[in-house]
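Subject: Structure handover

Hello,

Here is the structure we talked about. Please open it and keep it beside this email as you read.

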Amino acid sequence: MASNNNLAVLEALDTARTQWYHVKAIVIAGMGFFTDAYDLFCIIAVSKLLGRLYYYDPDYPNKPGKLPHNINNLVTGVALFGTLSGQLVFGWLGDKLGRKKVYGITLIVMVICAICSGLSFGSTPGTVIGTLCFFRFWLGFGIGGDYPLSATIMSEYANKKTRGAFIAAVFAMQGVGIIFAGLVSLILSTIFLRRYPAPSFKEDPIFSTQPQADYLWRIVLMFGALPALLTYYWRMKMPETGRYTAIIEGNAKQAAADMGRVLDIELETEIDKLSQFKATNQYPLLSHEFYKRHGRHLIGTMTTWFLLDIAFYSQNLTQKDIFPAMGLTKKAPEINAIEEVVETSRAMFIVALLGTFPGYWFTVLFIEKIGRFIIQLVGFFMMSIFMLILGIKYQYLKDENKLLFVVLYGLTFFFANFGPNSTTFVLPAELFPTRVRSTCHALSAASGKAGAMIGAFVVQSYTLDEKVSKIKLALMVLAFTNMLGFCFTFLVPETKGRSLEEISGEDGGGHNETQMAAR
C-alpha cells in the first residue's frame with residue numbers, strides 16, 4: 001500500500017483510467033524510438049556497399065571491395081559513442097531543466113544529422129567516411145537523449161497498473177524501426193537494381209559496382225530524418241509531467257492544471273503537503289542517503305544493461321556477416337553491389353519480422369502479468385542457452401542444417417526482446433526518485449552503450465572474416481555474458497503494481513519499498 005502522505009495529483013495519476021492521451025504519449029515517444037532504431041541499424045544494410053564503392057583494390061581482382069576492419073567498426077559503431085554521450089547529457093538536463101524543455105532538442109539533432117549523414121561528400125574515400133562518421137556521432141548524440149527522456153516521461157504519465165506495458169510499448173517501437181531499416185533499404189535497393197542492372201562481381205569486377213549506388217546509401221540514411229520531423233510538433237505540445245512540476249518545481253497547482261487538462265481528471269492542490277513531501281526527497285545522487293536507498297539497484301540496472309547490450313548489439317551488427325553462413329544471402333562474388341544490399345536488407349527484414357519484432361510485443365502483453373524480474377531472468381537464460389548451442393554446433397548448423405540455424409538465431413533475438421532488452425529499459429524508469437530519475441536512467445542506458453561498443457569494436461572483429469573458429473568463440477563468449485546478466489538480475493527488484501513514489505520511498509512511507517527482496 002502507498003503511504004497516505006502521497007500527493008493527490010500523484011495518486012490521481014496512479015489510478016487514472018487509460019485514456020486517449022496515454023495512447024498519444026506512447027505514439028509520440030515511440031516514434032522517437034522508431035527513428036532511433038532506424039538510424040542506428042540502417043547502416044548495417046549499406047555498410048558492405050560502402051566497401052564496394054570506396055575500397056575496391058584492383059590488386060585483388062577476385063575480392064569485392066570491403067571496408068577495412070577498423071573502418072567497418074567505426075562506421076557501424078561511432079553512433080554508439082554519440083549515443084552514450086547524449087544519454088548522459090540529456091539525462092542530466094532532463095532532471096535539471098525539465099523533461100519537456102529538452103525533449104524536442106533531441107529530435108532536431110536527429111533530423112539535421114540524418115540529413116547530413118547522407119550528404120557526406122569528399123574527394124577521397126577517407127574524407128567521405130570521415131564526414132559520415134562525424135555526423136553519425138552527432139546523430140547518436142540526439143538518439144541518446146531519447147532514451148532517458150522518453151522512458152521517464154512515459155513512466156511519470158502512466159498509471160501504476162499499466163505503467164510497465166506503456167513504457168515497454170514505447171521501447172517496442174525500436175522493433176518497428178529495425179523492421180523498417182530492412183524494409184526501406186530493401187524497397188529502395190530493389191528499385192535501384194531494376195533501374196540499374198549490372199553483372200555479378202565474378203563476371204565483371206568493375207561494372208558490378210553501379211555508380212548510382214552512391215545515391216542509394218545516402219537516401220537510406222537520410223530517410224531517418226522523416227519520422228523525427230513528423231513527430232516534432234506533437235512533442236512540443238506535450239505538457240511537463242505532473243510529477244516533475246509538483247515534486248521538483250514545487251508547483252502543485254500547475255501540475256494539477258496540466259494533468260487535469262490532458263487526462264480529464266479533477267485534481268486538488270495541496271501546497272502545505274507539498275513542502276513536507278519535498279523535504280523528505282532532497283538528497284542528491286552523490287550522497288550516502290542515495291547509496292543506502294538505491295545504490296544496489298543502480299548497480300543492478302547498469303550491469304544488466306551493460307551485459308545485455310554486449311550480446312544484443314553484437315547480434316545486430318554482425319548479422320550481415322552471419323547471413324551467408326545461414327544461407328539467407330549469396331556469397332559476395334556471386335552478386336553485384338546493389339544486389340548485395342537487396343540480399344542483406346531482405347535477410348534483415350526477415351529476421352527482424354519473425355525474431356526481433358514479436359519479442360517486444362510479447363513483453364508489452366505479459367509484463368504486467370509475469371513481471372519485469374521473471375521476464376529478464378528467463379530472457380537472459382534462454383539467450384545464453386541458444387548462443388551456447390550456436391557456438392558449439394556452428395559448423396554443423398552452417399553446413400548441414402541451415403533451417404535449424406535460422407530458428408536458433410531467431411530465438412536469440414526473440415528472447416532478447418521478450419527479455420532483458422525491454423526490461424532493462426523499463427526498470428530504471430521506475431526504481432529511482434523523481435529528482436534523479438532521468439539521470440539514473442541515463443547512467444543505466446550509457447552503461448548499456450558501453451557494452452554495445454564492446455560488441456561493435458571487439459566482438460564484431462571476430463565475425464568480419466567469416467572464419468568458423470572466430471565466430472564460434474564469439475558466440476560462446478556472448479553466452480557467458482548473458483549468464484552473467486542472469487546473475488546480476490538478482491540485484492533488481494520487482495516493481496509491477498506499485499506507484500513510483502512507493503517504489504522509490506518518496507512518499508515517506510517509512511522505508512524504501514525497493515529494498516524488498518526480488519521476487
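Predicted model: local features only at pLDDT ≥ 70, side-chain atom pairs only at ≥ 80, totals over all residues.

Start with helix α8. Its buried residues are A225, P227, A228, T231 and R235. These buried residues pack against α2, α4, α5 and α7. The helix covers residues 225–237, and it has a kink of about 35° centred on T231.

Next is helix α7, residues 213–222. Is it mostly covered or mostly open? It is mostly covered, with 7 of its 10 residues buried. They are A213, D214, L216, W217, R218, V220 and L221. Their packing partners are α2 (20–54), α4 (99–118), α5 (125–157), α6 (163–195) and α13 (337–370).

Now look at helix α3, which runs over residues 69–96. How far apart should its ends be? At 1.5 Å a residue, its 28 residues should span 40 Å. The end C-alpha atoms are 41 Å apart, so the two values agree. The helix also has a kink of about 45°, centred on T76. Just after α3 comes G98, with a positive phi of about 115°.

On to charges. Side chains of opposite charge can pair when their charged atoms come close. How many salt bridges does a search of the whole structure find? The count is 16.

Find E430 among them. It forms a salt bridge with R163, and the closest N and O atoms are 2.7 Å apart. R163 sits in helix α6, while E430 sits in helix α18 (residues 428–431). The two are 267 residues apart, so the pair links distant parts of the chain. R163 counts as buried because its relative accessibility is 0%. E430 is buried too, since its relative accessible area is 0%.

E430 also meets R372 in a salt bridge, at 2.6 Å from N to O. R372 lies in helix α14 (residues 372–392) and E430 in helix α18, so this pair ties together parts that are 58 residues apart in sequence. Both R372 and E430 are buried.

Compare K398 and D399. Their side chains meet in a salt bridge at 3.7 Å, N to O. D399 is partly exposed, because its relative accessible area is 45%. There is also a linked set to look at: D95, R99, E156 and R437 are joined in a network of salt bridges.

Now turn to the surface. Which residues form a nonpolar patch there? They are I454, V458, Y462, L473 and V477. Together they have about 380 Å² of accessible area. V477 belongs to helix α20 (residues 468–488). Its relative accessibility is 41%, so V477 counts as partly exposed.

Last, pick out E466. You will find it in the loop between α19 (437–457) and α20. Is E466 buried or partly exposed? It counts as partly exposed, because its relative accessibility is 31%. The C-alpha atoms of E466 and R235 are separated by 44 Å. Along the chain, these two residues are 231 residues apart.

Best wishes

How values were computed:
Residues numbered from 1 in each chain as written. Heavy atoms only, no water. Helix = DSSP H or I, 4+ residues; strand = E, 2+ residues; numbered from the N terminus. Expected span 1.5 Å × (residues − 1). Bend = angle between axes of the 7 residues up to and from the residue. Patch = residues over 30% accessible without salt bridge, like charges linked within 9 Å, V, L, I, M, F, W, Y side chains within 5 Å. Areas by Shrake-Rupley, 256 points an atom, 1.4 Å probe, with all protein chains shown as cover. Salt bridge = Lys/Arg side-chain N within 4 Å of Asp/Glu carboxyl O. Buried < 20%, exposed > 50% of the residue type's maximum accessible area, 1.4 Å probe, protein only. Contact = heavy atoms within 4.5 Å.
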